[in-house]
Amino acid sequence: MCMKISKTPVFLIGSICFVIVLVALCGITLINNINLSNIIRLNEKVASDSVMSGNDNQVHAEYDYVNHHHPKNINRFEQSTFNTNDSKNFKTPTTTSRLLTSSLSPAGETRNAAQIRHEMSSLNSDGSYGDTVSNNWQTDKFLANDRNVNTLLVHEVIAVNSSSSQSLNKMLNVTNNVDRRNNVSIIASQCYPIIDKTISMIDYTRRDRIVKMMEHAWHNYKLYAWGKNELRPLTQRGHIGSIFGASDLGATIIDGLDTLYIMGLETEYKEGRDWIERKFTLDNVSAELSVFETNIRFIGGLLTMYAFTGDAMYKEKAQQVADKLLPAFQTPTGIPHSLINPKTGMSKNYGWASGSSSILSEFGTLHLEFSYLSDITGNPLYRERVQTIRQILKEIEKPKGLYPNFLNPKTGKWGQLHMSLGALGDSFYEYLLKAWLQSGQADEEARQMFDDAMLAIISHMVRTSRNGLTYVSDLKFERLEHKMDHLACFAGGIFALAANTRQSENTEKFMEIGKGITNTCHESYIRSSTRLGPEAFRFGEAAEARALKSSEKYYILRPETVESYFVLWRLTHDQKYRDWGWDVVLALEKHCRTTHGYSGIKNVYQEVPQKDDVQQSFFLAETLKYLYLLFSDDSLLPLDEWVFNTEAHPLPIKGANVYYRPALSVSGDATNAS
């Protein structure tokens with residue numbers, strides 16, 4: 001008789017083996033997860049900003065740069081042409097040595113409608129975009145003629161010229177069967193391809209070096225000061241002594257974002273955009289913020305990104321910030337106070353400012369941002385606020401035609417008679433010229449005020465040194481100081497831009513002074529041991545274009561001199577401006593670069609200067625941007641389509657740039673407010 005064998009032990013053994021295998025697999029997975037978490041922890045602060053929102057499943061497809069589709073990374077080609085008199089007549093891009101031939105149809109033929117639809121398949125029926133950015137976003141674009149608005153295709157750019165407003169109208173009337181409101185809505189949401197349309201004037205070697213500098217500055221900020229306002233590179237922590245205090249407002253993120261975008265640093269750009277969307281707000285900030293600095297850095301930076309991308313988030317954030325500043329305008333004259341508490345709405349002026357006066361360069365440097373904000377939101381309030389300032393300044397009596405630096409917001413009268421094209425005055429004059437440019441040269445009032453002010457400054461403040469250096473002196477109580485601030489070095493570019501944009505009896509004089517001031521600022525650089533310019537420099541028996549006081553010898557990564565190099569290069573193509581700019585790059589790398597970012601220095605006349613341990617946000621927003629553009633082609637942010645705010649954030653020019661993105665009126669037409 002055979003013995004019966006129980007199946008229980010076999011089942012038990014099998015179960016134990018299964019459990020052992022399962023535990024082993026779980027252990028391996030756990031170990032891998034631990035290793036992965038260690039890697040992730042290196043970017044913990046950045047990653048946390050992207051996962052803490054309750055709307056993580058929301059798709060932000062048009063801003064997804066993970067697939068490396070940023071327009072700056074494609075091979076560059078010459079701009080397509082488009083006949084504004086015939087919307088059906090267009091040409092394919094002209095090929096260059098840097099063009100990917102696979103991006104064109106065989107034999108350079110124009111792609112047909114079916115091919116374009118396939119390539120633009122991410123375009124949804126509601127006019128929004130799918131999960132990835134089509135490769136066609138790397139080229140310029142136009143609205144194809146299609147009877148169905150849901151299949152409008154964006155592919156090539158309309159050549160924007162002096163008649164570009166007519167081109168826009170043609171776009172908006174591309175067919176009688178297309179709804180114009182939907183048409184404009186599509187335009188308003190498009191990503192502007194920030195690329196060189198031609199490559200003839202790009203200096204790749206030098207420009208690539210500047211991109212590396214930007215990466216070094218950004219990555220160290222991200223590692224040691226993410227969400228803080230600025231980085232202290234020597235001590236590897238956030239800078240809480242900045243003008244924005246200890247609040248985590250991410251000033252470097254918002255200020256530097258458009259520079260990242262222009263340079264094609266898509267991963268870094270996406271990090272910054274995500275932080276702004278998840279974290280940036282002034283709602284709970286109970287601290288005194290500068291109205292001026294908040295406007296030029298935060299509102300200006302956000303408006304530029306809206307112009308570039310059409311991303312409504314940027315517009316909404318800009319409007320939220322502007323609304324926080326509005327209580328500062330509640331004064332008897334409408335001249336805003338200098339400081340605002342965003343949480344309480346309380347505002348005031350600096351006690352040291354000539355009897356608590358408002359400062360010319362601060363309340364006079366709001367016009368570009370507030371006017372543009374009115375146009376893209378349809379809310380006239382912002383323009384009304386700055387227009388009130390304009391009218392007061394236009395009508396008030398000006399001593400010798402000059403604007404003193406202080407104005408009492410209660411009485412509407414000037415404070416002490418101190419005039420300057422440097423600190424306390426500078427950007428007011430800049431915004432007069434640029435408001436005229438931004439308006440498509442329609443704001444004649446601004447241009448006339450600029451010309452009158454410059455002629456008065458030339459007469460009373462512009463002087464020539466014994467050795468022929470042109471400079472703009474400060475004027476205090478009718479006494480020239482024969483001192484010029486580094487901040488005033490922007491004036492070289494402004495005078496030249498004024499000469500280039502209007503022919504008049506002043507044209508030659510403005511250009512000569514612009515070149516002269518730029519040369520003087522260059523001299524202030526090369527006469528120092530570091531070949532970087534001091535905060536202020538003097539002219540007289542004891543010195544020429546040199547600082548004399550210890551409080552004037554520092555350099556804090558300022559951009560004004562390279563700004564004028566950039567403008568003069570664009571207008572003259574004189575190689576010396578690029579050479580001077582490259583000299584600044586080498587000096588920055590030698591004296592300001594640290595292991596963990598860039599720092600200002602305390603004395604430009606020392607061979608081995610001490611560093612101040614601050615990486616200013618404007619170093620990313622302005623200095624590196626202007627240097628990058630200096631070595632780019634003129635077609636990258638051309639000066640007849642874009643105007644730079646005083647923080648170097650480019651804003652589109654009305655009537656010359658189809659991506660001005662005006663709001664829609666109730667009737668569906670584009671807003672044409674001036």
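Helices α10 and α12 lie oblique to each other, a class left over once angles under 35 degrees (roughly parallel), over 145 (roughly antiparallel) and 65 to 115 (roughly perpendicular) are set aside. The model is predicted: local features need pLDDT of at least 70, side-chain atom pairs count only at pLDDT 80 or more, and totals for chains, interfaces and linings use all residues. Numbering runs from 1 along each chain as its sequence is written, and side-chain values use heavy atoms, without hydrogens and water.

The α10/α12 angle is about 125°, and the axes are 11 Å apart. Axes are lines fitted to C-alpha atoms over the stretch in contact, with angles from 0 to 180 degrees between N-to-C directions. Helices are DSSP runs (H or I, at least four residues).

The residues in contact (heavy atoms within 4.5 Å) are these:

| Helix | Range | Contact residues |
|---|---|---|
| α10 | residues 312-325 | Lys-315, Ala-318, Gln-319, Ala-322 |
| α12 | residues 367-377 | Phe-370, Leu-373, Ile-376, Thr-377 |

Helix α13 spans residues 381-395. Its 15 residues reach 21 Å from first C-alpha to last, close to the 21 Å expected at 1.5 Å a residue. That expected span is 1.5 Å times one less than the number of residues.

Across the 674 residues of the protein, 58% count as buried.

Key: Helix = DSSP H or I, 4+ residues; strand = E, 2+ residues; numbered from the N terminus. Buried < 20%, exposed > 50% of the residue type's maximum accessible area, 1.4 Å probe, protein only.
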